Amino acid sequence: MQNNASGEKDSPLQAKVSIGTRRDHVLTWICAHWGYIIALVLVSCARMYIGGIVPLRANASAKNTLDDYLMIEYAQLQEHFQSSANTWALAKAMSFSYLLNILTKLGIRYTTFVSLLWIVSALMVVSAIRRIWNRCNDQYGNVLCLPYWIFAVIYVFLVFCPTAFDKDTGTRIYRESFVAPTVMLLVGLSLLLILAAIDTRTRAVRWITARELLWGVLLGVAWCFFWFLKESGIWLAPALIVVLAIAAYCHISGMKRYRANAQESAAHASCSSHAHVMWGRAVSAICMVAVPLVVFAAGNATYRGINERYFGVPYASVRTEGAIAGFFERLYAIDGPGKTEEHWVPWSVMEQAINASPTLQSHPELVDALKHGVFVDDVDGMWEMGPHHDMAVWTMMDALARCGLYPDQEAPQRLFEQINDELDQANLPHVDGFTFSASLVPKTLTDIWDLRQEWWASFESTVLWKHYVVADDDFESPMSEQNSRVRLMELTLNETLDRADDPVTSRNGQHAMGLLLARGIVAIYRYIAPIGVAIAGCGIVLAGAQLARWRHIGESDRKRALMMFWTTFACAGCSFALVLAVSWLCSGRTTETFAYYTAAAVPLIQLIEIVAALCCINAVVLLLQRRTQ
């Protein structure tokens with residue numbers, strides 16, 4: 001039973017009446033907005049249809065032995081956890097593979113689930129934005145409830161996001177296809193949690209409810225999935241801090257409002273009643289903040305505990321955690337001839353490490369394999385040519401395996417712990433500059449400014465929708481084992497995929513129509529992109545002007561200005577962090593690379609544009625209303 005405004009529990013009869021009233025309210029709302037509901041259903045069906053006929057790039061994924069296909073092998077969990085001797089068993093985080101295993105067992109098609117994820121995430125964002133926006137009313141009830149067709153347009157804008165159709169971030173069977181919709185899901189759950197916190201301000205006593213607990217748990221689960229989807233999820237963490245801070249503030253402001261009302265109301269004159277309300281809100285605020293954090297911590301501990309049980313080490317990825325990663329973090333900071341934006345660890349740097357480490361010198365076969373070996377037939381991995389960017393880690397792991405120094409996941413960690421201790425005792429020259437992550441090479445301010453071309457490429461990808469390419473599968477140079485790999489992918493994804501020996505099937509009418517529609521969607525988004533930029537700029541300027549006139553505007557305008565400010569602050573801040581890291585990592589690479597690595601920021605940019613558009617619409621409508629009065 002729920003608590004009423006006086007803090008007393010409702011009787012069973014009152015509870016039944018409340019449930020019945022709520023049911024009637026829902027039915028009334030459905031009848032009043034049937035057009036809006038039908039529009040959402042039709043758009044969702046269209047999204048499901050297009051998502052089902054756009055062909056997956058299965059053969060291209062089958063060729064990527066240590067990327068796409070590695071995730072498929074990870075999804076065979078029984079074999080994966082019995083292969084501790086596999087060098088690449090912990091090369092990548094595997095939320096994506098866990099999900100594929102669940103889909104396999106449930107018999108759910110991969111394309112169906114991806115489309116549903118986009119739909120559910122977009123619906124959550126639209127529902128939360130609509131309700132939060134309409135709650136931005138002042139104490140006199142002056143609120144502008146925007147028509148539902150505006151939110152239907154917002155839903156279309158979100159659910160047909162071009163990243164879902166790009167050849168690398170959408171139709172490629174890889175974890176990157178889940179990054180953007182997962183970020184959108186996190187945005188929706190975060191907004192719903194804030195909405196639940198706002199709703200607590202309407203009641204005197206609020207312990208945490210089932211709805212608040214649900215959003216907190218789901219947010220924690222989604223965060224855990226995102227954290228282990230890739231090894232670079234830290235860039236979005238500030239947004240979570242902002243969300244939890246806003247949720248806590250809503251509870252605290254509700255406590256303050258109740259305290260002010262309690263002083264004016266005889267009904268709350270009792271000190272015990274007043275204290276009861278204060279404690280209720282305080283515990284509720286703490287619980288709302290703690291629930292997603294506790295769920296995330298539990299998921300993190302479980303994930304790492306499983307790896308430690310089966311592999312002996314608790315790392316999600318040995319490329320970014322542990323002693324091997326620590327070895328390269330030290331090499332990135334060492335200066336030497338040949339060190340450039342593209343070659344982080346030239347052989348001159350490796351030689352310094354070898355000369356400083358008796359342990360490395362005791363393995364001449366490893367030194368020879370590093371200098372003259374070829375990493376998976378890729379010259380980019382040869383140290384004579386200089387491994388590009390972070391490819392040096394992969395080259396080292398491959399060389400260790402060739403030399404028999406990677407019998408399991410524990411042995412190389414012990415080896416490099418000793419090597420790292422030796423490097424720490426050596427006095428090696430360090431490169432100038434600083435870095436935000438030990439996994440990136442240090443740069444000076446001049447080096448960072450020289451990345452402006454990469455910044456622009458990222459801006460074009462995330463904001464202007466350029467560099468997104470809709471392409472059919474790649475049937476060139478088929479590998480001998482490619483068809484067997486595609487067959488395993490079919491079993492894992494519950495899909496019928498095109499084979500390298502029969503590429504004609506991919507040219508059928510449905511696939512051709514899917515590619516045509518996908519290209520049309522991307523072209524439309526590119527066309528309207530400058531409009532979105534202009535609207536975002538106007539909305540930010542309008543919100544800034546309102547904040548500057550804080551004392552002279554109404555409460556509803558203050559709330560909407562704050563909504564624009566915090567949305568821009570959180571989303572733009574996290575997007576900038578991602579763009580900076582990608583530019584740092586991918587300097588000198590092709591423009592398509594930036595579209596691939598910055599796709600995660602797209603839903604955040606969309607959210608900024610949406611809130612800015614609502615601010616502009618609100619300002620225009622209110623201006624017209626004042627002129628007609």
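**View 1. The largest nonpolar core.** Of the 180 residues in the largest nonpolar core, Leu236, Phe327 and Phe328 touch the most other members. Helix H9 (residues 176-199) gives the most to this core, with 17 residues. A nonpolar core is a set of buried Ala, Val, Leu, Ile, Met, Phe, Trp, Tyr and Cys residues joined through side-chain atoms within 4.5 Å. Buried means under 20% relative accessible area, exposed over 50%, and partly exposed in between (1.4 Å probe, protein chains only). In soluble globular proteins, nonpolar side chains tend to be buried together.

This is a predicted model: local features need pLDDT of at least 70, side-chain atom pairs count only at pLDDT 80 or more, and totals for chains, interfaces and linings use all residues. Residues are numbered from 1 along each chain as its sequence is written, and side-chain values use heavy atoms, without hydrogens and water.

**View 2. The whole protein.** The protein has 25 helices and zero strands. Helices (H or I, at least four residues) and strands (E, at least two) are DSSP runs, numbered from the N terminus. Of its 629 residues, 52% count as buried. Take the contacts between residues at least 6 apart in sequence: 75% join residues at least 24 apart. Contact means heavy atoms within 4.5 Å.

**View 3. Helix H13 against helix H18.** The axes of H13 (residues 322-332) and H18 (residues 411-425) come within 7 Å and cross at roughly 30°. That makes H13 roughly parallel to H18. Axes are lines fitted to C-alpha atoms, for helices over the stretch in contact, and angles run from 0 to 180 degrees between N-to-C directions. Angles under 35 degrees count as roughly parallel, over 145 as roughly antiparallel, 65 to 115 as roughly perpendicular and the rest as oblique. Among the H13 residues that meet H18 are Phe327 and Arg330. The residues of this contact divide into seven nonpolar, four polar and three charged. Ala, Val, Leu, Ile, Met, Phe, Trp, Tyr, Cys and Pro count as nonpolar, Asp, Glu, Lys and Arg as charged, and the others, Gly among them, as polar.

**View 4. Gln413.** Gln413 sits in helix H18. At 3% relative accessibility, Gln413 counts as buried. Leaving out residues up to four places away in sequence, Gln413 touches Val313, Tyr315, Val318, Gly322, Ala323 and Ile324.

**View 5. Helix H20 against helix H23.** The axes of H20 (residues 452-462) and H23 (residues 555-585) come within 9 Å and cross at roughly 125°. H20 and H23 are therefore oblique to each other. Glu454, Trp455 and Ser458 in H20 meet Val579, Leu580 and Ser583 in H23.
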